[in-house]
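Below is a set of questions and answers for a reader who meets this structure for the first time. Please keep the sequence and the model in view while reading.

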Protein chains: 4
Amino acid sequence: MSSSRLPVCVVGATGLAGQQFLAALADHPTFQVTRLCATERSAGKRYSDAIRDPSGAIKWYASEPLSPELGGLEVESGSSFDPSGLAVVFTAVESDAAREIEPRLARTVPVVSTASAFRYDDDVPIFIPGVNMAHAALIDVQRRRRGWKGFVTPVPNCTTTGLAMSLAPLCATFGVRRVVMTSMQAASGAGRSPGVIGLDIIDNVIPFIAKEEEKVERETQKILGRLAGETIESASFAVSATCTRVSVLEGHTEAVYVSLARVATVEEVKTSFREWGADFLALGLPSAPARLLVVHEDPFRPQPRLDRDAERGMATSIGRVRVDGALENGMKYVLVSHNTKMGAAKGAILIAEYLAKKGYIG
Amino acid sequence: MSSSRLPVCVVGATGLAGQQFLAALADHPTFQVTRLCATERSAGKRYSDAIRDPSGAIKWYASEPLSPELGGLEVESGSSFDPSGLAVVFTAVESDAAREIEPRLARTVPVVSTASAFRYDDDVPIFIPGVNMAHAALIDVQRRRRGWKGFVTPVPNCTTTGLAMSLAPLCATFGVRRVVMTSMQAASGAGRSPGVIGLDIIDNVIPFIAKEEEKVERETQKILGRLAGETIESASFAVSATCTRVSVLEGHTEAVYVSLARVATVEEVKTSFREWGADFLALGLPSAPARLLVVHEDPFRPQPRLDRDAERGMATSIGRVRVDGALENGMKYVLVSHNTKMGAAKGAILIAEYLAKKGYIG
Amino acid sequence: MSSSRLPVCVVGATGLAGQQFLAALADHPTFQVTRLCATERSAGKRYSDAIRDPSGAIKWYASEPLSPELGGLEVESGSSFDPSGLAVVFTAVESDAAREIEPRLARTVPVVSTASAFRYDDDVPIFIPGVNMAHAALIDVQRRRRGWKGFVTPVPNCTTTGLAMSLAPLCATFGVRRVVMTSMQAASGAGRSPGVIGLDIIDNVIPFIAKEEEKVERETQKILGRLAGETIESASFAVSATCTRVSVLEGHTEAVYVSLARVATVEEVKTSFREWGADFLALGLPSAPARLLVVHEDPFRPQPRLDRDAERGMATSIGRVRVDGALENGMKYVLVSHNTKMGAAKGAILIAEYLAKKGYIG
Amino acid sequence: MSSSRLPVCVVGATGLAGQQFLAALADHPTFQVTRLCATERSAGKRYSDAIRDPSGAIKWYASEPLSPELGGLEVESGSSFDPSGLAVVFTAVESDAAREIEPRLARTVPVVSTASAFRYDDDVPIFIPGVNMAHAALIDVQRRRRGWKGFVTPVPNCTTTGLAMSLAPLCATFGVRRVVMTSMQAASGAGRSPGVIGLDIIDNVIPFIAKEEEKVERETQKILGRLAGETIESASFAVSATCTRVSVLEGHTEAVYVSLARVATVEEVKTSFREWGADFLALGLPSAPARLLVVHEDPFRPQPRLDRDAERGMATSIGRVRVDGALENGMKYVLVSHNTKMGAAKGAILIAEYLAKKGYIG
């Protein structure tokens, strides 16, 4: 059976995002993890040893247990890694490392990345499933310009994902003029080494996450922009974000305020959410949810603990849709999006499934 | 010594806000708590017995210990209470109870209230220290119209307090057109019976607090409005709020976005915050802070755990002042305000100190 | 299909334990919830309305969603309820209410209860699955003495469950002389109304839970006692407990110290845990786990967040088995047990499955 | 004024324990911090820059703000540091670093250390204020044997402190035979780099802290041992500990079970706690509390959030004193001790004050 699956590698496999890739790929019908990379320090170790901390604790953060097969794989060094023979490489490394590693890999194979290194390049699309698949045409541009056999397609920052997913139907149906967003982000968004320490987050809110707001503002505009020739014309609406960290394990909560281009009722807005994504969902990709957006009527929802796992972490849950009195044609709502599932590894895998379906991978 | 202090009563003394009144009045130079009221159920008990739960635990939530004098006072029933001889009554009861009790008391004595019952009446000012003391002229209108010897002056909802304190200098210096605000509120804002239960708030955010957003929007406009003859003309700018609850004990955090009436620099905005309140502070009232607004340059501040107790809980801490790209002449910032100190009991006491200084009390 | 299932009722259906019963019985192969009881206040309402709080929030605490069928059932009043035609009644009410309701029901039908009211009666067994099924013989004694067609069998306090499950193999294999146990209990153990409030448990440990230690000590001795004629002779070993509450949602953690009757090695103790319960598990009851006790070698396990759901909440996870130097033949370990699953509703359901298999129910 | 204070240095000044030293010494009447050491990486930086993390956040964890004087001191490298001219050096470094640095410093000056490196050496006393000051005679032995002008005196592990403080009066008054202790330790005990991460401790208990139990068992026996000639004869009673980590910021909670050498009543035990330490307290040292042990009657106390700051963090609070039924002459109780105050920096400073009074320092 497994011989028919496409061989893939996870680079940055020991980090939190890397672990989420392994958890999500454990029983994947299309992809099979055959190789793992991490830093020099982990190279040569069995994976389950590479994730021990100095006291001997296994630091595995996915809710699914680590499979013995993956735990037994030998970790290779990301810096000297030869990707030949792989169908796709998933990277989950810091931006600086990505800037070095990803172009080298992309010469040979497709790279689907959670890093920000190439997100803002003209010939690089930032994919969110069901939102901007038309941007896939940029992949050919990228290959031609850079002379690569593979390519790099990053997913966005995890805080962008829920926001852009909710804005997509509003852009398509009503037009969007301005967006104000305050996030209350989960601790897992900061990774595990060191991540957010208990002393900082218990009984507290951290009002700042370095570089996060700039990413959210810029990525949202690019993702919701229009492919124009060989580049993407960013959406013209302004986005203003305040990104904070709260005492939550998983699931980013965002309070969103939107100025629409035309008058709309709360009911019309909810309908646009509910109907979004039919074409993408019709593809029947293995990791796709049944609904991209879940709309709640109970004003106490969505809550990160109750709603982060909606559709196995692949749906954005939206509630409290109501008129906003401060903005022109204002509408406001609260959303919850799973930052380490749709917002990171599982979202990247779903993109790879799409690209495989469309012939870019495999 | 104590004979020279003004005798006061706390109504609703067993609740969380009532306890904050007792803690704040324990060594007060001007006011002395001589009587306590609560519901029928507590009447006749010693105060320290009235706050026990069924298992025998003393449910006292102020950080200062309960003084033996106050613990030994006998609790009276709020419904049959005769306020004769008191200089002022502080009420900390639910809105429905306030609607019944406060007018009865106000016939005889001044009432400074944390309840919302009368906040929206035409002849009732909602005071925040240093923000709208000019509204005190309404007290005479209220007395005349209602034929009361006393009066009722509520403080605002605890979430309004920090927001309006930060907007006041912006209104005065630049003018304000629109306000968008997302709050991340502490558990103590919900009181103690039952308050927010651990099962709801651990590893979670609650995206809704019933009636809170309406209060914040309406009260902010009234507080920052202009006294016009015998009423207050609400400020004309629109306010849009999303109020959420997070896993924090004390201290509300608010992300604020303001469209100013004219262009301003970040430096000018910070200066307006820093210079605010000089006249009020010059009065030297016992509970007044040295600064009403504290401005932080470190982008990781303010944090509720680190900044709620700034100036003994009587200052609003503001940080992350920066340009907002989504609103016209947009400016955004994060604030932390102590919800049970300046935002409730201690704020009400400071108002009473002001009114005593101006001859309305005592 | 459903016509072949046995009709059952849950009394106290709106509380936290009651909700766990409904969640666990939603797709049960043997039992079907056909009726629901709660207090007078809820009687006549649809179940989903009966669990709303004053602000309109649906207070449903099981991780599984409430099924529409159960949400639509009309709640009946527990005090006037006629159980005729039911195969078994599950009760999840406070002890005082149980003392009144349960004997009335037991005259007609079997009652499996989470309340403590009858736990200490001579003719009442306190069942833990796989631990003391031999005590079932007491049911006949109880029926005869009390002249009931039904009977009452309580499950123990949720903190007793994990302790007694871990002690059972030690008693059987080595003998037990003394037991010292410190618990770190989850907030859900206190229920939802009011339960443990956030203000008490965030950044804190509560060192006392009223009556809990007495229950644990007494119940453990009875459960591990020997059926002697028409009563149970309590086990002769002493038990000393300190029960505390920590900031955890679900899953009780217990640090246990045992003085064995004879020398044993760590390996022998682990083996006794691993091999425990084979006979009971061989019955293949629907809610039974594959293992009653799960033994960990990683010293950082068990943790309540990672291990409470082992075997769908029906296994007790044990780790850190090591020699104790303070007690004679001392052995110590840490366990985690799911307090609202095996420790309450799902444990009671598994008992009912056993009693149905043995002909006491149905 | 400051010229009359004794010049001291803090080694390991950037860590959590080092910060607590700086906070506690900020206005000290006897000692003045004139020099600071940390690792090579921090050397040459101003202290306030040395504690920034990569994102620019100042990582300062004491509740008192960092004084400008200390913030402006230049950090020196601990490995090449010349202590000449200092009255005492306080070290707050890991054990491996201490093993290298402390002997070098002790050749010249007294070293009071929070590290475990030398705790178990025959000629090294482990001091707890008011518990074992008679062990000071070992300092002369140590100097003579090692040929040092200075000496090394470590304080114990922070979990040992509260336990040994509570056992001291029991040993003195009744004799102690066996001790069983389960700790629920605060996140701050793990330091700040990386410390306990939020992902591990939110909604969780960690059942293991590497090496902690061995330290507690061994140190308690040594501290409560008897000086016999040139060494300490460890106390003969057995100690068995289980050390866990809970979601608490500061303050270790411990459930203690003691087998006394003779029968005692609860009242006698409480009296022994209350009367403990009179001689030591009579010295009137600047950092000494008014009471070393605070006894609570309310069964819901002590709680870490409410009681950790008793006597400015320098008292151990004890509650729930009651008979234990499992041990011979058994008595049990719960204590809370401030792990970063009496349990670390402030405890070490109080020891230095004692040694200065007795002529060993200055």
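Q: In which loop of chain C is the place of Asn329(C)?
A: This is a predicted model, and local features are discussed where pLDDT is at least 70. Asn329(C) has a positive phi of about 45° although it is not a glycine. Its place in chain C is the loop between E13 and strand E14 (330-337).

Q: Is Asn329(C) buried, exposed or partly exposed?
A: A residue counts as buried with 20 or more other C-beta atoms within 10 Å of its own, and as exposed with 12 or fewer. Asn329(C) has 18 other C-beta atoms within 10 Å, and so it is partly exposed.

Q: Where in chain C is Arg312(C) found, and what is its phi?
A: Arg312(C) is found in the loop between H11 and strand E13 (316-323) of chain C. With 14 other C-beta atoms within 10 Å, Arg312(C) is partly exposed. Although Arg312(C) is not a glycine, its phi is positive, at about 50°.

Q: Is the peptide bond from Arg301(C) to Pro302(C) cis or trans?
A: Pro302(C) lies in the loop between strand E12 (293-295) and helix H11 (304-307) of chain C. For the peptide bond from Arg301(C) to Pro302(C), omega is near 0°, and the bond is cis.

Q: In which loop of chain B is Pro302(B) found?
A: The peptide bond that leads from Arg301(B) to Pro302(B) is cis, with omega near 0°. Pro302(B) itself is found in chain B in the loop between strand E12 (293-295) and H11.

Q: How many Å apart in space are Glu328(B) and Gly198(B), C-alpha to C-alpha?
A: Glu328(B) is found in the loop that runs between strand E13 (316-323) and strand E14 (330-337) of chain B. Glu328(B) is partly exposed, with 13 other C-beta atoms within 10 Å. In sequence Glu328(B) and Gly198(B) are 130 residues apart, and in space the C-alpha to C-alpha separation is 41 Å.

Q: Which radius of gyration does chain A have, and what would a compact globule have?
A: The C-alpha trace of chain A spans about 60 × 50 × 35 Å along its principal axes, and its secondary structure comes to twelve helices and 14 strands. With 362 residues, a compact globule would have a radius of gyration near 21 Å, which agrees with the value for chain A, 20 Å.

Q: What percentage of the contacts in chain A between residues at least 6 apart in sequence join residues at least 24 apart?
A: Buried residues make up 61% of the 362 residues in chain A. Among the contacts between residues at least 6 apart in sequence, those that join residues at least 24 apart come to 74%.

Q: Which element gives the largest share of the side of domain 1 of chain A that touches domain 2 of chain A?
A: The domain assignment of chain A gives domain 1 (6-157 + 345-357) and domain 2 (158-337), and 24 Å separate their centres, taken over C-alpha atoms. In the contact, 32 residues of domain 1 of chain A meet 32 residues of domain 2 of chain A. Two or more residues on the domain 1 side come from each of helix H5 (137-146) and helix H12 (345-357) of chain A. The largest share of that side, seven residues, comes from H12(A).

Q: How many nonpolar, polar and charged residues has the side of chain B that touches chain A?
A: In this contact 37 residues of chain B meet 37 residues of chain A. The elements of chain B that give two or more residues to its side include strand E7 (176-185), strand E10 (238-245) and strand E11 (252-260). By class, the side of chain B that touches chain A has 20 nonpolar, eleven polar and six charged residues.

Q: What relation holds between chain A and chain B?
A: Chain B can be laid on chain A with an RMSD of 0.0 Å by a turn of 180° and a shift of 0.0 Å along the axis. The same surface serves both copies, as 100% of the contact residues of chain B recur in chain A.

Q: How do the residues of the side of chain D that touches chain A divide by class?
A: The contact takes 17 residues from chain D and 17 residues from chain A. On the side of chain D, the residues divide into ten nonpolar, five polar and two charged.

Technical notes
Residues are numbered from 1 along each chain as its sequence is written. Chains are lettered from A and ligands numbered from 1 in the order in which they are written. This is a predicted model: local features need pLDDT of at least 70, side-chain atom pairs count only at pLDDT 80 or more; totals for chains, interfaces and linings use all residues. Copies are superposed by least squares on the C-alpha atoms of residues with pLDDT of at least 70 in both. Two residues are in contact if their C-beta atoms, placed from the backbone, lie within 7 Å. Helices (H or I, at least four residues) and strands (E, at least two) are DSSP runs, numbered from the N terminus. The radius of gyration is taken over C-alpha atoms; the globule rule is 2.2 Å times the number of residues to the power 0.38. Domain bounds come from an automatic or database domain assignment. Ala, Val, Leu, Ile, Met, Phe, Trp, Tyr, Cys and Pro count as nonpolar, Asp, Glu, Lys and Arg as charged, and the others, Gly among them, as polar.
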